[in-house]
Amino acid sequence: MIRILLAEDEEAMRTYLARALQNAGYEVIAVDRGTAALPLLEMGDFDLLLSDIVMPEMDGIELAQRCAEISPRTKVMFITGFAAVTLKASREAPQAKVLSKPFHLRDLVLEVERIFGQQAHATI
């Protein structure tokens, strides 16, 4: 099963995204900040880091850079509601996919499926 580490500081969004991904057949571990994600990356084997970009303590871009050092096989996808931040993410982590808020949960699941070359697991 594909394991996803979700880092999103907004509780409602974190719950919403985690539930949608779990319903699509993924194992999801969700945390509220980048600094909470780091030890999990060090201990676990995640296939995808799905991270908000704007978070307290450590932003998603720094988290992605640390992820590349700790777990280079882990793919990265950013979610953000800030257009300017999207441009920065594209420059600083060009291998990462950026999904801009607002988006439909189906779009999120489709992007994850594209990353792993999978067919749809469930209907959202």
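**Stop one: two helices**

Select H2 and H3, which are roughly parallel to each other (angles under 35 degrees count as such). Helices (H or I, at least four residues) and strands (E, at least two) are DSSP runs numbered from the N terminus. This is a predicted model, in which local features need pLDDT of at least 70 and side-chain atom pairs count only at pLDDT 80 or more, while totals for chains, interfaces and linings use all residues. Residues are numbered from 1 along each chain as its sequence is written, and side-chain values use heavy atoms, leaving out hydrogens and water.

H2 covers residues 34-43 and H3 residues 60-70; their axes come within 10 Å and cross at roughly 10 degrees. Axes are lines fitted to C-alpha atoms, for helices over the stretch in contact, and angles run from 0 to 180 degrees between N-to-C directions. On H2, show Gly-34, Ala-37, Leu-38, Leu-41 and Glu-42; on H3, show Leu-63, Arg-66, Cys-67 and Ile-70. These residues make the contact (heavy atoms within 4.5 Å).

**Stop two: Thr-74**

Next select Thr-74, in the loop between H3 and strand E4 (75-80). Thr-74 is buried, with a relative accessible area of 7% (buried means under 20%, exposed over 50%, partly exposed in between; 1.4 Å probe, protein chains only). Its side chain reaches the backbone oxygen of Phe-46 at 2.7 Å.

**Stop three: Asp-47**

Move to Asp-47, in the loop between H2 and strand E3 (48-52). Asp-47 is partly exposed, at 26% relative accessible area. A polar atom of its side chain lies 2.7 Å from the backbone nitrogen of Arg-3.

Definitions and conventions: Angles under 35 degrees count as roughly parallel, over 145 as roughly antiparallel, 65 to 115 as roughly perpendicular and the rest as oblique. A polar contact is a pair of N or O atoms within 3.5 Å; within protein, one must be able to donate a hydrogen and the other to accept it, and residues adjacent in sequence count only if both atoms are side-chain atoms.
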